[in-house]
Amino acid sequence: MVEDSWAASHDPLRLRAETLDAVVREWYEHLHGPVQPLSGQLNRRLAEYALDRTTAETDGALAGEPASAALADSFSSRFSLFDDAGVGTADALVAEFEGSALDDRIATATVDAYRHYRDLHADYVDEWVCTRGEMFDVVATAEQSLSTFSSELDVVILSGYHEFRPVERRLIERLVDELPMIALLPLHQDDRSGVDAVAEDALEVYEALDFETVELEPVDESGRAFGPITESLYRPDPDTVPAPDTLRWRELPTPEREIRFVARELRTELANGRDPDDLAVVVPGTEAYSGYVEDTFDTFDIPHVTTAASQLNRTFTGSVVHDLLNLAEPDPRAEDLTSLLANPLVNVIDTDQANAVTAAARRRDTVSVSPLLDDVDDQTAALTEELLATLDTLRIGDVEDATETLRRLLDERFDLEAATEDYASGAEQAVEQRAYDLVDEVLSSFEWLAAVNSDLSPLALFTRAFDGVPIRVPQRAAGGHVEVMGLLDARMRSFEKVFLVGLTSEHFPVTPERPAFFEEMTDAHPRFDTGDERLRGRYLFATLLANVDELTITTPETGDDESAVVRSPVLDELQRVTGIDPEDGVDDRVGSREDLQRHVAATADRRAAVSRAGDRGDLSPEQTKRTDRGLHCADNRGTAGLSEHDGVLEPETVAEVYPPSEREPYSASRIERYVECGFKFYAEKVLGIEDPDDVEVVPTPLETGSYVHDVLERFFADLQDETKDGVDLTDFNRDDLATHLREIAVEELRDADFEYDGLFYERWKAELFAGLGDGVSAPYEAGSKPHDAPEQGLFATFLDSELSRDGAGRPHLFEAPFGEGLPDSDAGPFTVERPDGSTVSIRGYIDRVDVSRNSEQPTLTLYDYKTGRAPYMTKTTGGTKFQLPIYLLAAANVVDGDLFEQGSLSATYYQVRPPNDLKVPRGVESKFDSEVELRRFLNKVVPEWLGQIDEAIGNGRFHTTLLSARGANCRYCDYRRACDVRHHRKREFVDEVHEDDAAYVPLRVRDDEDIEAVMSDD
Ligand code: SF4
């Protein structure tokens, strides 16, 4: 701020802006040559090792468990405070504590740890590494005059300090002796009370040093507007100060809406020509809000830079280290491997391979890495094994080797430094580069202290060291970007307009949680403390207010999880002084394309609204066109009639994209699929759009169905003696049959083209195999819950049910093929003929045909196995299910001689649903009064319906379902967002389609007809 104001009226080169630390370091180097400041990470390592020594002792307040990262953190910042207070030795600390009210145990343990800390420092840290306190002290007590080091200095301006640590204070005293000095200290009130309470310390220092006080009045309108407010905050009985228009307080329902509100405001400001550099967003609770800010500001296209503090683990660089450390654990977890491979900075295998690993991990449902390695390609498996072997060093080697291993991995294998340089740009890149520097700093600190003995493994040391490392991106010229920052960063900056977000008691002011250990020390020795956050918060708030032209404060009504939110006490105070009330309600202005779409959705004439948005340039020409087409489509889909958007094609188009040669012969399931929903059929069969591959942990219903079919087919087929007509299970012993069934099932499972493992797969197998012979050779691991097996699984239940069936029918044919073009059959064409002479060609397999010749008239019973629920027979007579009638018609081609003509016909489903839900409902014949009626249904009605379906497909009728949403399984359909399948609308739609002669309308959905009426047509 000083630099900016100077540059506006003076020669910029005549002012040098530096931090006090940088100046001190420069002067120190004049005195003693090059120096390396003690890095934060090295300081933290020293504290960790010092604490390890203290905790290893047999008594004392800290004896016991090794120190956690949080405790090490507290001690390392406490040691820095000792250093800043000029307490550089354990003996000096003893002297400080002498006669204090501090509990002896705490004093002794602290002195003990500090002694280890100083010893470690003396023994292992090179002498040219200096602490901050040491450097300040040397400069403050130097014999030479400081002005000789910087002879160009005319005057020193000190800005940004409202509190001083003891070493800083001594340096200021020295500076004042030698150089002309001006100190800037924003004060809001005259008597050091209220919001200025925290600045009392600095004021005392300046007064003691005889600074001449010059009071500066606000130079601009805004200063005058906010001045009376800051002057009255935290004072008893203030005069009420009306809030100026430039101070707003907006309350929004949730934190996310708050950020959206700010984003809209920013867009308006930017659209009105405000320079982004003049705007800032100050977020005291940066951690909680950072996700919303990034997402929302990106959506609203707001150029922004975030300079607020975060955590190393939240960066991609930090998570590489985090994942590697986790993978170094014994039996590492699969999720750490997938996270490492998916990291954008890691490029050891290509994206497809990385995705394959993730998919395999989900499919396998495995927690640990090892089973996963069988499922991934050789390169990835080899790489992973090598990586895990390398990481062993972290667990079993010494710290030196472990640090070198980690470095080699990061630098040579992952080339992380180059990756961070190539990653993104601007602020995102700066974060990753800073993170890389931090990782480097941590590893260097271990290299410095490699010779220190430790009982902990390198892995435990690294894990503690990398836990909770804060990261702060250097505040670089945000040029052309709106800056998002924490409150502390905003203290000496000025902006035209600032949004202060999330002013709740949770986020502001924050009282740091300290171990109780230090609470007492703070009470007994205030100079070893960082000051009162409450007072500091008040002061920062007032200073922010004084430094901006306009301030908009936002608060949420509830937290993310609808939890109640308490406003910041600072806001209560502001309200007490100004009487300001929050403006509330929903903010429904348009600030992003998403907002625009919501608004358009609410207008009566949406196409006109889109066209207007296109004319104004809010939507690009492509977007306007796409949205207009979308609306036109939605209009058509929303009305009952058939249009080009309802899956209606011209016959010529169908002839091209789905000619008869491609669609015939039909299979029963394909026909049923069409009747279920023409549109879904069109997408799948005509356009060839496949369902996205879901990640499964057990075989899909399709895989299960096909496996069970194969087992049941072979069970009978292998028993069938060619000389006999059918299989009579009573010829066999139950145990032999069970063994036979088990052997087949195991063999088929081995040959199945699916592969799974994990708990859920064990359960799946148990549901099929339980109770089928000895447990020893059972192909599943019978264990405890949740995968304990039922007593009788599907196969055993099937066997018992077959043995107990008293009907005389014997299984005769299994998976009998009909129609041409099947892979394992050379059967000729099979067609059904409509009454008008046209034909429909069909093919398929009949699961099972049982024949009984015991009575006068032989009986032919067809079964269709269902591993799901068997459909109701009324669906067959209602024209939506065709399997049974088609198989009955085809039976004429598959059974010998005159059996079909003379026999009595029956066809039904055989429900074989794991684990043991078996059911054989009454067959389709039960829906007819006589054999003659059944045959009439088969020979007349079914061919007519099949013909209509073939015709409807040929005529391009691919409209959405005419059945209920449940009947068509809309719930599981990927197109459900584009369909209106609500009941009242369905009726209109069916009526409309009924009018269309080319469409097939199942009898089931026609109100005016039933099967009897259809049959009597004849
Ligand atoms: S949601 Fe229902 S009607 Fe729409 S395409 Fe899917 S199955 Fe057909």
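## Tour of the predicted model

Start by selecting helix 23, residues 569-578, where Val-570, Leu-571, Glu-573, Leu-574, Val-577 and Thr-578 are buried. Look down the axis of helix 23: the buried residues fall within an arc of 155°, so they line one face of the helix. This is a predicted model, and local features are reported for it where pLDDT is at least 70.

Move on to the residue that follows helix 23, Gly-579. The phi of Gly-579 is positive, near 70°.

Next, select helix 4 (residues 69-84) together with helix 6 (residues 104-124). How far apart are their axes, and at what angle do the two helices pack? The axes of helix 4 and helix 6 are 11 Å apart, and the packing angle is about 80°. Angles of 65 to 115 degrees count as roughly perpendicular, and helix 4 and helix 6 are therefore roughly perpendicular to each other.

Show the side chains at this contact. From helix 4, display Phe-75, Phe-79, Phe-82 and Asp-83; from helix 6, display Thr-110, Ala-113, Tyr-114 and Tyr-117, which they meet. Colored by class, the residues of this contact divide into six nonpolar, one polar and one charged.

Finish with two cysteines. Is Cys-973 buried or exposed? Cys-973 has a relative accessible area of 12% and is buried, because buried means under 20%. Cys-979, at 23% relative accessibility, counts as partly exposed. A disulfide is a covalent bond between the sulfur atoms of two cysteines. With a cut-off of 2.5 Å between cysteine sulfur atoms, the count of disulfides in the model comes to zero.

Methods. Residues numbered from 1 in each chain as written. Heavy atoms only, no water. Buried < 20%, exposed > 50% of the residue type's maximum accessible area, 1.4 Å probe, protein only. Axes fitted to C-alpha atoms, helices over the stretch in contact; angles between N-to-C directions. Helix = DSSP H or I, 4+ residues; strand = E, 2+ residues; numbered from the N terminus. Parallel < 35°, antiparallel > 145°, perpendicular 65-115°, else oblique. Contact = heavy atoms within 4.5 Å. Nonpolar A, V, L, I, M, F, W, Y, C, P; charged D, E, K, R; others polar. Arc of directions from axis to C-beta.
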